[in-house]
Amino acid sequence: MGAGKTSVGRELAKLTGRKFVDTDDLAEKEEKMTVSRIFAEKGEDYFRGLEYEMCKKAANLNGAVISTGGGAMTYERNVKAVKQGAKVVFIDTSFDVICQRVGSASTRPLFKNRENAKKLFDERREKYLNAADFVVNGNRSVKKIALEIAELVK
């Protein structure tokens, strides 16, 4: 959350002429409701199963730029699914930069409590590093990050 997955993904797709796909968007289209509503009405377990299916679906889209939800790459089955058809790039962004980007957190419930957000960040970072084929510095502009990724995945 706030690392730049969507912004960088869209920029990368534009730079490379590829299709951009967000697994959360796929889930919302599939269920005809927002991710937050899926969580509220059907629960996290249901969402995580749906997320897994969307990761498999996205990985089968040849040559697409895929952005996953913040928690997706913390699940080994999702990592394996995505790696069937894609390379995983971790946008390694510092917590301070993420906080600047997220701002007041009004639309980011997990950031209402910064202490809990930092704990989640710390818990997930090692999993992201383990899942990654490539790691890029996320503390830079969207354009610079996208250009670096374009070079890495040629």
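This report walks through a helix, some ring pairs and a few individual residues of a predicted model.

## Helix α4

Several residues of α4 are buried: Phe47, Arg48, Leu50, Glu51, Met54, Cys55, Ala58 and Ala59. What do they pack against? Their partners include two strands, β1 (20-22) and β2 (65-67). The helices α2 (23-31), α3 (35-42), α5 (76-83) and α7 (114-131) are partners as well. Two of these buried residues, Phe47 and Cys55, come up again below.

## Aromatic rings

A pair of aromatic rings is described by the distance of the centres and the angle of the planes. Searching the whole structure turns up 3 aromatic pairs. One of them joins phenylalanine 39 and phenylalanine 47, with 4.9 Å from centre to centre and 35 degrees between the planes, a tilted arrangement. Are these two residues buried or exposed? Phenylalanine 39 is partly exposed, because its relative accessibility is 29%, while phenylalanine 47 has a relative accessible area of 2% and is therefore buried.

Another tilted pair is made by phenylalanine 90 and tyrosine 128, whose ring centres are 5.2 Å apart and whose planes meet at 50 degrees. This pair links distant parts of the chain, as phenylalanine 90 belongs to strand β3 (residues 89-92) and tyrosine 128 to helix α7, 38 residues apart. Phenylalanine 90 counts as buried at 11% relative accessibility, and tyrosine 128 is buried too, at 16%.

One more ring has a charged neighbour. Lysine 118 lies over the face of phenylalanine 95, 5.7 Å from the ring centre.

## Threonine 23 and threonine 68

Threonine 23 is part of helix α2. With a relative accessible area of 2%, this residue is buried. Which residues does threonine 23 contact, leaving aside neighbours within four places in sequence? They are Met54, Cys55, Ala58, Ile66, Ser67, Thr68 and Gly69. Among these, glycine 69 has its backbone nitrogen 3.4 Å from a polar atom of the threonine 23 side chain.

Threonine 68 sits in the loop between β2 and α5, and its relative accessible area of 11% makes this threonine buried. Not counting residues up to four places away in sequence, threonine 68 touches Lys5, Thr23, Cys55 and Met73.

## Cysteines

How many disulfides does a search of the whole structure find? The count is 0. For readers new to the term, a disulfide is a covalent bond between the sulfur atoms of two cysteines.

Cysteine 55 has a relative accessible area of 0% and so is buried. This is the cysteine of helix α4 listed among its buried residues, and both threonine 23 and threonine 68 are in contact with it. Cysteine 99 is also buried, with a relative accessible area of 13%.

## Lysine 32

The last stop is lysine 32, in the loop between α2 and α3. Most residues other than glycine have a negative phi. Lysine 32 is not a glycine, yet its phi is positive, at about 60 degrees. Is lysine 32 buried or exposed? Its relative accessible area is 71%, so lysine 32 is exposed.

Conventions: Residues numbered from 1 in each chain as written. Predicted model: local features only at pLDDT ≥ 70, side-chain atom pairs only at ≥ 80, totals over all residues. Heavy atoms only, no water. Buried < 20%, exposed > 50% of the residue type's maximum accessible area, 1.4 Å probe, protein only. Helix = DSSP H or I, 4+ residues; strand = E, 2+ residues; numbered from the N terminus. Contact = heavy atoms within 4.5 Å. Phe/Tyr/Trp six-rings, centres within 6.5 Å; stacked < 30°, edge-to-face > 60°. Lys NZ or Arg CZ within 6 Å of the ring centre and 35° of its normal. Polar contact = N/O pair within 3.5 Å; in protein donor to acceptor, adjacent residues only side chain to side chain. Disulfide = S-S within 2.5 Å.
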